[in-house]
Each structure stands twice: as structure tokens, then as C-alpha cells.
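Here are a few notes to read alongside the model.

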Amino acid sequence: MSESRYPQLETLKKLRLFILNTIKDLTVEELNKIPNGYSNNIIWNIAHLVAAQEGVCYMRSGQSTNISIDFFNSYKPGSKPERNLTEKEIEEIKQLLLTSVDQLEIDLNQDKFVNYKGWTTRYEVEMNNIEDALNFLPFHEGMHLGYIMALKRNRDI
């Protein structure tokens with residue numbers, strides 16, 4: 001990725017590449033496994049990152065999302081895995097994890113996020129514009145990276 005006007009996107013891309021590297025040797029079964037004491041799995045967390053980015057950036061700006069409403073609803077905050085995903089679905093999610101950042105940069109450069117509707121996250125972070133959203137995303141991704149690493153450690157339980 002070339003030098004961006006948005007350093008947060010470079011951080012997101014690095015985090016997402018790290019996540020993909022962290023899970024590269026896991027099987028479809030391991031990615032779908034919900035260990036005892038957990039309410040979701042590794043692949044749900046990865047898909048959630050895409051859905052959250054779409055919600056925080058696109059939906060809050062009144063823009064169309066780059067994912068289907070079914071995808072969003074399956075991985076939005078408060079959702080949980082309803083079924084095991086196939087290898088093909090997992091590969092599509094891995095691709096989306098990277099391509100969604102590239103698409104976000106294109107859309108930012110086209111000023112698509114001017115009508116941002118302010119809100120406060122469950123963490124009491126105020127989001128008043130797209131810049132606030134971009135600053136929030138790496139924090140959110142870091143939290144889910146922690147969940148992914150915990151799930152990976154506990155996948156055999």
C-alpha cells in the first residue's frame with residue numbers, strides 16, 4: 001500500500017495482515033470452533049471487523065455498504081455465529097478483510113463521508129465525523145485481535 005493520506009488505514013492494513021498471518025495455519029474446523037466459555041469463534045471475529053468498519057463508516061454516513069445486509073447482520077455487534085462457515089466462505093472473508101480497507105481509502109479520497117451522523121460507542125467514545133471513526137477502528141481491531149488470540153489459545157478446550 002502506498003503512502004496514504006490516512007495513516008489509520010495503514011495501521012488497519014498492518015493489523016489485518018497480522019491477523020491473517022496469526023490464523024494462516026488454522027483449519028476450517030479450528031476457525032469455526034467456539035471454545036467452552038466463549039460466545040463466538042475466530043472467523044466470526046474476523047468477519048465482524050469488516051461488518052463493523054462498514055457500519056461505523058458507511059452506514060453512519062448514509063452510504064451504501066460494500067457488503068450485503070445479510071453479511072452485516074450476521075457479524076454486527078451483538079450477533080454470534082449461527083453455523084459453521086465453509087472453506088470458500090472463509091476465504092471470501094479473508095479477502096474482504098484486506099479489500100475493504102482499500103475500498104475505504106478510495107471512498108475517503110472521493111469524500112463520500114460528509115454526512116456523518118454522530119453517535120457514542122458502547123465504550124463511551126464519541127464519533128462525530130469520519131475522522132473519529134478512522135481513529136476508533138484501530139482500537140476496535142486491537143480488541144478483536146486480543147479475542148482472536150485468546151480463541152486460538154483455547155481452541156482445543
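1. Thr22 belongs to helix H1 (residues 7-23); helices are DSSP runs of H or I with at least four residues, numbered from the N terminus. This is a predicted model, where local features need pLDDT of at least 70 and side-chain atom pairs pLDDT 80 or more, while totals for chains, interfaces and linings use all residues. Residues are numbered from 1 along each chain as its sequence is written, and side-chain values use heavy atoms, leaving out hydrogens and water.

2. Is Thr22 buried or exposed? Thr22 is buried at 12% relative accessible area (buried is under 20%, exposed over 50%, partly exposed in between; 1.4 Å probe, protein chains only). Beyond its neighbours within four places in sequence, Thr22 touches Met149 and Lys152, a contact being heavy atoms within 4.5 Å. A polar side-chain atom of Thr22 lies 2.8 Å from the backbone oxygen of Phe18.

3. Now the rings: the whole structure holds five aromatic pairs (Phe, Tyr or six-membered Trp rings with centres within 6.5 Å; stacked under 30 degrees between planes, edge-to-face over 60, the rest tilted). One of them is Phe136 with Phe139, tilted, at 5.6 Å centre to centre and 55° between the planes. These two sit three residues apart in helix H6 (residues 130-153), so about one helical turn separates them. Phe136 is buried at 7%, whereas Phe139 is partly exposed at 40%. Together with Tyr123, Phe136 and Phe139 make one aromatic cluster.

4. Finally, the charged end of Arg60 sits over the ring of Trp119, 4.2 Å from its centre; the criterion is Lys NZ or Arg CZ within 6 Å of the ring centre and within 35 degrees of the ring normal.

Note on methods
Polar contact = N/O pair within 3.5 Å; in protein donor to acceptor, adjacent residues only side chain to side chain.
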